[in-house]
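This report goes through strand pairing, sheets, domains and helix packing in turn. The sequence and the structure come first.

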Amino acid sequence: MDDASVSPPTPPTPPGPPARAATPASTNHIARAAIIWAVCTAIAIVVFLLVAPHVVEWGILPAAASNRSDEINTVMWIFTLLSIPVFFMVVVFGGYAAFAFNRRRGRAGGTFLPSRRLPVVWIIISFVLVTFLYVYGLSFLNQVNAQEGNNPLVVNVTGEQWLWNFSYPQYGNAQSTALELPVNRPVIFHIQSVDVQHSFWIPAFGIKQDAVPGETTTISATPETIGTYVVRCAELCGLYHAYMETPVYVVSAGDFDTWVHAQVTPVPTSSSSSFIQPNVLPAEAANRASWRTSSVAEG
Amino acid sequence: MDTAVPASGHGEHAAASHIDEERKVRLGMLFYVLTDVTFVIFMLVAYPWLRSYNTDQGWFPFQHMRLPDQGTTVTLLLLMVVSAVFYFIGYMGIRAGNQWILRIGMLISLVLMLIALVGQIRFMGSQQFSTGDGTFADTWLLFSGYHIYHLLWATFLGLGVTHRAFRGRYTKEKHLGVVTIGYFWYWAALTPILIFILMTALPPKL
Amino acid sequence: MRKLFPSYLTGAILAIIGYIAGSQFVYHRIGSDNQPAGPNFTEQGMVVGFALFFIGWLIGIGALKYPFTWLLALKDPDHEEEMRLAGKDAGIIRYFKFTTDHKVVGIQYLVLVLIMLGFGGLGALLIRSELMRPGALLFPTETYNTIVTMHGMLMILATITFFIGPFGNFIVPIMIGARDMAFPRLNALSFAILVPAIVIFLSIPFWGYGQANGYGGGVQTGWTVYGPIATQTGMGMTALATAVILAGFSSILGAVNVITTIITMRAPGMRWTRMPMTVWGIFGAALLAALGTSSFAVDLLLILLDRIYKTSFFAASTGGNAVGAGGGNAWLSQNLFWFFGHPEVYLIVLPAFGIVCDVVAVFSRKPIFSYKMGVLGIMGVCVVSFLVWQHHEFVSGWAPELRFWYMATTELISVPTGFVFLVLLGTLWRGRIWMTLPMMFALSFLWNFVIGGLSGVFLSDVPLDVQLHGGMFVTAHFHYTIVGGALMCFFAAVAYWFPKMTGRMLDEKLGWIAFWGIQIGFNVAFLSMFIAGLQGMPRRVADYDPAFATANFITSIFAFLLIASVALYFYNIVISWVAGKKAVANPWGALSLEWQTPTPVPLENFEEIPVVTSAPFQYTQETVEAEAAAEPAAGQAAG
């Protein structure tokens, strides 16, 4: 902005010999940058396609053990593929400008003024991209909600500080602190919390649902691969949140029947953390009862 | 959060400049009142929320709990509304250049508001229920407490405006303080109406 | 000595007296109906003590003088009095008292923000040390959780302040051609409120350790302070809630002041379409701060009531852990929190958008490309950001039927954000780029924020969010937006306006070393954290499965590099401030108004209010060519 008292900008640099001649205007910078962009994008996509099939075995993604995992991985591939050109768009054009138009190259600059077309094209492309991602995500949205499925197994999950309790109402309320599931049978989890908020997360199944005190939330999945996985708490729930995890055993239907009938008597609670015993094991029972006992008495 | 900011001018030296001082102060005060409005709105959200979820029948657990007296609620509400009306009369007075209408209007509105303040504190203290008697009781106490906080600010501002009115600080041309504090005053009178609608007009028992 | 009355010294003395009086009065005279929180006080006593601490501070620094002169209808302060209050001829002491000059307030904010970032960085250092290897390395989980909470909250407080505070106060009034902020005393007050808030906040670790409630001392909640756990956790929560309510109060006062200043105090000819983008960014951020902060304040107020008066806004009575009658709802807490919490991250990043546009325009020697689109981007983000908060509730079980709508708004917000990228790329393109330190940080915004934004698109998609929510992927994502976006711009802004604010140049060489350390450390650390998140590592854990060991080890090592480089940058700021090269009035050849004032900026900024005649940064072919002709052929060095 100019005003009467403002002189034209005076560069701070000391005077010296004149700059080199400006880059010839004939150089088609946009075409060059576009080629670099296309090459980078192509390389990245090829690398990605080569790497993608192996990420599970390399441990970058958790094992895909349920019907939900594949969907999630597919969505992730599509999103990553679409992100690559966008990312290189910004980085290549920005980086190219930073090098090619650096004033050390002696350019005079200042010629690329706004055209009316470019913003419109930009808006249209970004809307199209976003709309595609949205519609694509939407098509998976229903499957996120709890599905009834065929002959589902109901598991009541109760989060408490700092362990998970599971009960199987279809099997005489058999109780356990480790989750055992039959393979290829839909499971519906009814999740509750007795104290604060927890989040029931089985990374290998691709499901997560908060356990909210006073409410029951649901989520479903169908385990498809026999193996041992893990339930984690994904919502900071106090002192031993880091240790609030418990194994998930996906077993054959026969094994599950044997196991679940052996569980009819409630097992004593013990935190069977799969990897580490905390320094101080939570003395759950005493602690839980002592929380604000005085206020309970008055209320 | 709170809004009540003494809206004294920035100083005369800038009066000759391009800046519209009156507009600036009015706009600033409106924004401060707006932030208080958002605070109240978010607080009021607790009511429909807790009522509709009614977790473990915790909204109104004691069916025989004595409710806040409706007559007192309405009286306190009317005190605030009448106070705001008198404030407006005082403002119209100074707009017409009449100092005495301003002074009497301010004085009456201040006195009414002080009565409302004392009454609200006594009313809140005299309830049979307390915190921990269900979320209806909790929200009632929360809103009443916040209303008292409003009234304390209004007392401070009202004392200032009335005092300055009696000192003849406001003129027909220059009465910005009356205008801007009026914004807060009318809003403070509106909140008990909102609280009344939620707490008394809607039956608390589900 | 007389100058010390009133100053921050008297404020501190009265504040301490106030705290002791308040807490002891409650303990001895009123007693308590909740359990005693310690040997000599109760939690109610704490709150009352903090309130009197705050009031004592305000009285001590003399901030309450003017409300009472108004109340008592004493003589209105005249211009001379105003100038005395603005620190005229007061010397260095004006930085240590209640001073209304917007430049003094800006410097005070800058120093406080740097201190806050320093403490937050210390927290990051401790967190990454603990997470370097699996297993409990350094702290018990109680301490770790408290550090996580404090790191998060302190960094949030610092980042929501670090544009509106220092630059919104120091730069914006000069940029729009005003003599001061709209309400100078309120401006000073908003800083004066933040100081006790931060002092109270930093006291959190000292509350409630060894308390026998079995849930630990400090604050075990994370910065999100969700419903029941905030009620259950140690007494540090009371300090946190009080401190953050005060900080929110300060933020609202400051924001409204900025809004009013920008709306009413622009110089003649400074139309809305002629404001530099920085002003737009800070304007949008101030709008968000003014309208959103209340929501968090309500959340914290309800938590405080739950804690000290046993109300049950958030605690349900399930399972025998009832406080009072129960009936509370945890989702209420989450929604109140995120209605503030999400606009809040845009509050952090909007000024960054504006500043980065300005810096790129200045150092490309070009007008801002498609100015209107940039403004549309900033204001579009500002509006849409109020409509997206439910994406934090995608897995909470609250209102799953609304997910399609919030997924749409969340993905939509990437469109106006994309406008800003177009503006930046267009401005860079065919410019005459001068690679200074601010320009480098502005360019690093490009590649860092695009990663932050793209990972945000992953999280906006419900099926993916179900897997990634609450994991390290989210942590990496928002560090990419806040550190990679906002903090880089803060460093750019510091380097860019350092000559104007301090009168000295920031040392370029040290700055460059720090810059590359920051870029390498930051990118490797957080890209590797994305991997940990994909692997399934949850956030905020003190200990983790050995499966995540490699990713965490890399993250820790490069996080140390990042922290060391940031420390070097801070050292650079301090050393340049003390002994840097003296700066000329306009070292960058920038065209906005703040560079047309002399350095140091005189008390009322302008001898005569300038008249603005054109849009910002109207570099033309002729001026740039003239400038180029006056330069040495630096090309030889490059080629």
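A:W201 stands opposite A:R232 in β9(A). Helices (H or I, at least four residues) and strands (E, at least two) are DSSP runs, numbered from the N terminus. Strand β6 (residues 198–202) of chain A is joined to strand β9 (residues 227–233) of chain A by 2 bridges, and the two run antiparallel. Two strands are said to pair if DSSP finds at least two bridges between them.

The model is predicted: local features need pLDDT of at least 70, side-chain atom pairs count only at pLDDT 80 or more, and totals for chains, interfaces and linings use all residues. Residues are numbered from 1 along each chain as its sequence is written, and chains are lettered from A and ligands numbered from 1 in the order in which they are written.

**Two sheets in chain A**

An open sheet of 5 strands with mixed pairing has the order β4-β10-β9-β6-β7 in chain A. Its edge strands are β4 (179–182) and β7 (207–211) of chain A, each of which pairs on one side only. From one strand to the next, the twist averages 20 degrees; axes are lines fitted to C-alpha atoms, for helices over the stretch in contact, and angles run from 0 to 180 degrees between N-to-C directions. Helix α4 (residues 253–262) of chain A packs on this sheet and touches β4 and β10 (245–251) of chain A, with its direction at about 140 degrees to that of β4(A). A contact between two residues requires their C-beta atoms, placed from the backbone, to lie within 7 Å.

β4(A) and β10(A) pair in the parallel sense over 4 bridges, and A:L181 has A:V250 as its bridge partner in β10(A). In a regular strand the side chains alternate between the two faces of the sheet. In β4(A), A:L179 and A:L181 form the covered face, while A:E180 and A:P182 form the uncovered one.

Another open sheet of 5 strands, also with mixed pairing, has the order β3-β2-β1-β5-β8 in chain A. β3 (174–176) and β8 (217–221) of chain A stand at its edges with a single partner strand each, so one side of each is left without a neighbour in the sheet. Here the twist averages 25 degrees from one strand to the next.

Strand β1 (residues 153–160) of chain A is mostly covered, with 6 of its 8 residues buried. A residue is buried if 20 or more other C-beta atoms lie within 10 Å of its own, exposed if 12 or fewer, and partly exposed in between, with C-beta atoms placed from the backbone. β1(A) and strand β2 (residues 163–168) of chain A form a hairpin with 2 residues between them. At the β8(A) end of the order, A:V187 has A:A221 as its bridge partner.

| Strands | Sense | Bridges |
|---|---|---|
| β1(A) and β5(A) (residues 187–193) | parallel | 7 bridges |
| β1(A) and β2(A) | antiparallel | 5 bridges |
| β5(A) and β8(A) | antiparallel | 5 bridges |

**Domains of chain A**

The domain assignment gives domain 1 (29–101 + 121–144) and domain 2 (153–274) of chain A; such bounds come from an automatic or database domain assignment. The C-alpha centres of the two domains lie 34 Å apart. Their contact takes 8 residues from domain 1 and 13 residues from domain 2. On the domain 1 side, the touching residues divide into 4 nonpolar, 3 polar and 1 charged. Ala, Val, Leu, Ile, Met, Phe, Trp, Tyr, Cys and Pro count as nonpolar, Asp, Glu, Lys and Arg as charged, and the others, Gly among them, as polar.

**Chain B**

Chain B has 5 helices and 0 strands, and the C-alpha atoms fill a box of roughly 65 × 35 × 20 Å along the principal axes. Buried residues make up 47% of its 206 residues. Of the contacts in chain B with a separation of 6 or more, 79% are between residues 24 or more positions apart.

Helix α3 (residues 99–125) of chain B has 27 residues and reaches 39 Å from its first C-alpha to its last, close to the 39 Å expected at 1.5 Å a residue. The expected span is 1.5 Å times one less than the number of residues. Among the buried residues of α3(B) are B:L102, B:M106, B:L110, B:M113 and B:L117. Their cover includes α2 (70–95) and α4 (135–166) of chain B.

**A loop residue in chain C**

C:G327 lies in the loop between α11 (277–309) and α12 (330–364) of chain C. Is C:G327 buried or exposed? C:G327 is buried, because 30 other C-beta atoms lie within 10 Å. C:G327 and C:F249 are 78 residues apart in sequence and 29 Å apart in space, C-alpha to C-alpha.
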